[in-house]
Amino acid sequence: MDPAGFVRTYFLDPIRTGSGYNMVNTTAYAIGFVAFIYVIFEGLKRKRITVERFALAFSPYIVLTCLVRALVDIHVYPRSIFTVSPGIYGTSFIVTVISIAIGYQIERVNKTPWDKASAYIGTVLLLMHLPLIVWLRPM
């Protein structure tokens, strides 16, 4: 099997068809997750950022990711590689990194700590989606 066929068979088709996880993609996702956590914690240590500060900045995005996934399940947002697992985690990561970068810029301008600024941004994004889950849920 060629590399493109391998990726399609074990990674893309299960997302597209909704058939779920298999041994290959589960193993790859687990290895990727462990590597990701290692890189995050090494970066936090190098920048001398406490886990508490990182958790403050990151927690609204965890809830936002769960909320967006729920909105996909009730057909408010379309099902795509970016809105279901595992793609939604990459999408969430990109949004989080952008928000943290904006938080650093805000810290430079008005001395609001980057983690609080990022948490505020994530909270605003989260609050923008909350009415959708209340008003558009199936009866």
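Predicted model: local features only at pLDDT ≥ 70, side-chain atom pairs only at ≥ 80, totals over all residues.
**Overall build**

The protein holds five helices and zero strands. Read from the N terminus, the order of elements is α-α-α-α-α. The C-alpha trace spans about 55 × 45 × 20 Å along its principal axes. The chain has 139 residues, and 24% of them are buried. Take the contacts with a separation of 6 or more: residues 24 or more positions apart account for 53% of these.

The accessible surface is about 9,400 Å². Carbon and sulfur atoms supply 72% of that area. As for charge, there are 13 positive and 7 negative side chains. The centres of these two sets lie 5 Å apart.

**Aromatic pairs**

How many aromatic pairs does a search of the whole structure find? The search finds seven. Two of them are set out here.

| Pair | Geometry | Centre to centre | Angle between planes |
|---|---|---|---|
| Y21 and Y29 | edge-to-face | 5.9 Å | 85° |
| Y104 and W114 | stacked | 5.1 Å | 15° |

Y104 sits in helix α4 (residues 87-110), while W114 sits in helix α5 (residues 114-135). The pair therefore ties together parts that are ten residues apart in sequence. Y104 is partly exposed, with a relative accessible area of 31%. W114 has 4% relative accessibility, so this residue counts as buried; the cut-off for buried is under 20%.

Ring pairs join F6, Y10, F11, Y21 and Y29 into a cluster.

**Helix α5**

W114 leads on to helix α5, which contains this residue. The helix has 22 residues. From first C-alpha to last, α5 reaches 33 Å. That is close to the 32 Å expected at 1.5 Å a residue.

Which residues of α5 are buried? They are W114, D115, A117, S118, A119, G122, L126 and H129. An α-helix has 3.6 residues a turn, so residues three or four places apart point the same way. The buried set of α5 includes A119, G122, L126 and H129.

What covers the buried residues of α5? The cover includes α3 (51-73) and α4. Helix α4 is also the one that carries Y104, the ring partner of W114.

How values were computed: Residues numbered from 1 in each chain as written. Heavy atoms only, no water. Phe/Tyr/Trp six-rings, centres within 6.5 Å; stacked < 30°, edge-to-face > 60°. Helix = DSSP H or I, 4+ residues; strand = E, 2+ residues; numbered from the N terminus. Buried < 20%, exposed > 50% of the residue type's maximum accessible area, 1.4 Å probe, protein only. Contact = heavy atoms within 4.5 Å. Areas by Shrake-Rupley, 256 points an atom, 1.4 Å probe, with all protein chains shown as cover. Lys, Arg positive; Asp, Glu negative; His and termini not counted. Charge placed at Lys NZ, Arg CZ, Asp CG, Glu CD. Expected span 1.5 Å × (residues − 1).
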